[in-house]
Amino acid sequence: MSACATKVPEVVVVKKPVVVAPVIVQKPSWRESTLLEFHDEWRGTPYRLGGLSKKGVDCSGMVYLAYKDIVGQYLPRTVMGQKILGQEIKRHELEIGDLVFFKVNPRVQHVGIYVGDNNFLHASTKKGVKISSLNNVYWAPRFWTAKRLEDVDLYPREPS
């Protein structure tokens, strides 16, 4: 199985409210070459649940880092936090930079970034950061939804 082990979100109690002003951004201008450069830099980085470094990264962490490094904006850190953003689009409407979501089983979801030509960049549990086909026999039946992040509230810096 090659998926992010995101489970039902835990309830977190915050003692002191944190206020971070979001900004409205236009659709990011992703380029296939920029995503491929990111892939070259991170290719093979092993999967690690909760990871955000070259020592290991999970699927939503990889998306978080790509968005931060390429676009300069911060997304939520979890699959479900990322899934609630943006406008839902159909698979045939995918454009480079759109987020693609998969339902591995009822409790495990996975996310990646569309890079064009029916391929997406993601963090695989077995092979680390890699590019896979949406038509892959494993991923095709697990495709859940896709989101385009334009005109959404994003953070210009890391939320505290």
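Helices (H or I, at least four residues) and strands (E, at least two) are DSSP runs, numbered from the N terminus. Axes are lines fitted to C-alpha atoms, for helices over the stretch in contact, and angles run from 0 to 180 degrees between N-to-C directions.

You're in a predicted model, where local features need pLDDT of at least 70 and side-chain atom pairs count only at pLDDT 80 or more, while totals for chains, interfaces and linings use all residues. Residues are numbered from 1 along each chain as its sequence is written, and side-chain values use heavy atoms, leaving out hydrogens and water.

Next, show side chains at the contact (heavy atoms within 4.5 Å). From α1 you get Thr-34, Leu-35, Phe-38 and Trp-42; from α2, Met-62, Leu-65, Ala-66, Asp-69 and Ile-70.

Now colour the sheet. It is open, with six antiparallel strands in the order β4-β9-β5-β6-β7-β8; strands pair if DSSP finds at least two bridges between them. At the edges sit β4 (87-89) and β8 (128-133), each pairing on one side only. Neighbouring strands are turned by 35° against each other on average, direction ignored.

Zoom in on β5 (residues 99-105) and β9 (residues 143-148), antiparallel and joined by four bridges. Val-100 stands opposite Ala-146 in β9.

Finally, bring the helices back. α1 (residues 32-42) packs on the sheet, touching β6 (108-116), β7 (119-124) and β8. α2 (residues 59-71) packs there too, touching β5, β6, β7 and β8.
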